[in-house]
Amino acid sequence: MKNAFRFIAFALVLALVLGLSSQVLRFKYEEGIYGMELLYRQPKNSIDVLVLGSSHAYYTVNPAVLWQEKGIAAYVLGSANQPLWNTYYNLVEALKTQTPKLLVVEAYGTRVVAEYRPDPEVVKAVFGMRISQNKLDDLRASAPADRQLDFLMPPVLYHARYADITQKDFSKNLGFPELDENWKGFLFDDRVKPFQAPDVSEVSEPEPLVPKADEYYRKILELASEREIPVLVMVAPYPTIEEQHARVFLEAESIAGEYGADFLDFSRGDESEIDYETDFFDIHHLNAQGSDKLCANLAEYLADSYDLPDRRGDAVYVSWEKNAERHARLTQNAAFRHTGDLADYRALLDDAEGYAVLATGDGEADEENDARRFVRLTENGQLTRELALPDGGAFHAALGSGDLAVTCAPSGEESGAVSVLLNRREQRKVSQGLNFLVYDLRLDVPV
């Protein structure tokens, strides 16, 4: 009997250790995995517009802007380079708890030609889904027969992640504390990379989808038709669109018409007002500014074309309001990053609430004057600390949940050099000058 108790205790401890280690080691991606996890937390039948697709979906369609403009309750569920079979099974999964008034299918997946996608893309598309027959069917479509068991046993794939573990792996929200429970699937990126505008306006001949893509595209449209859900198929703009892509999109438009679905192609300039010089952050994706422009027009189109209620003021939809507030905050933070004029920067700081601002002076000083080496910290517009830094001096403070350390190099080592560390990461941008560190106390992130 004693041995039996020992065995049971050992088994329980082992199960606990394995469970905790799996939580730490599991794959963590905002797109796909975290998006699906949060889908299960949405109030039942609360999503009015469900957006499915690839990264073109979650970098293009911003539920916060649709909410701000028209009170539209939208949710984006996508993963990188998502093929249409994953889109179909995501739709099946979403319809278990949601009855959207509109389905938006982002069309980049129509041009996928490979029968199977690389492992990381399969992981992002499938791993967030709860175990069910639908998930098994998704895996059968996503991986060859001799690989499907690997994806059903995640430790087989993530056992090698030990070397990649960071503090985020121990954080809440699947390692994305900056994406709280109110997040609706859009990824914010305010980088700017200029491109020339592509021109596919002369492309007029359609090109068939590959058979597997055609099959699942039709299954999506058929399922939506069975559930009496209107469908809008949308092509997002991107600088590297090729003529072959444009021909496939023409075929996708024709197929959509067979099922009575609407089709909106922003790659041809339809109502987007996109500036290719300023509105993208890489060769495939709109930046936050570009998305804001497109979604302002998209919100108008959706409100005019479909029966979508304005949910603003409804207590059930408070998380959409909070998501919009978060987007406004991220936009404010982006303004800090993209302001190069000191006077404009200080004007932003004067109007900012919920920020901590650290100013440090970094320069040589003599025995009589160390005023050029200083630390000045304000929080919510109030000065909280101000001091000079002598050689070898240091200043420590909590900044949100972060640890701030400002040190001045001892005499003889690089006298006058001021180091600014936040969670042990150097934040100083220039030497022999003035540095600012702006910290968003509401989102608990450095700007």
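**Entry 1.** Which element gives the most to the lining of the second largest cavity? I looked this up in a predicted model, and the element is α6, with three residues.

**Entry 2.** I then listed the elements that each supply at least two residues of this lining: α2 (30-39), β2 (74-78) and α6 (119-126). The second largest cavity holds about 50 Å³ of space. I counted 13 lining residues for the second largest cavity, and those nearest its centre are Gly32, Met36, Asn90, Lys124 and Ala125.

**Entry 3.** I sorted the lining of the second largest cavity by class and found six nonpolar, six polar and one charged residues.

**Entry 4.** I turned to the cavities as a set. How many cavities of 30 Å³ or more does the structure hold? I found four of that volume. For the largest cavity I noted a volume of about 70 Å³.

**Entry 5.** I recorded the residues that line the largest cavity. They include Asn62 and Ala64, then Trp183, Lys184, Gly185, Phe186, Leu187 and Phe188, and finally Asn323, Arg326, His327 and Leu330.

**Entry 6.** Which helix gives the most to the lining of the largest cavity? I identified α14, spanning residues 318-337, which contributes four residues.

Definitions and conventions
Residues numbered from 1 in each chain as written. Predicted model: local features only at pLDDT ≥ 70, side-chain atom pairs only at ≥ 80, totals over all residues. Heavy atoms only, no water. 1 Å grid on protein atoms, 1.4 Å probe; cavity = no way out; pocket = protein on both sides within 12 Å on 5 of 7 lines; lining within 4 Å. Points joined across faces, edges and corners; volume = space filled by probe spheres on them. Nonpolar A, V, L, I, M, F, W, Y, C, P; charged D, E, K, R; others polar.
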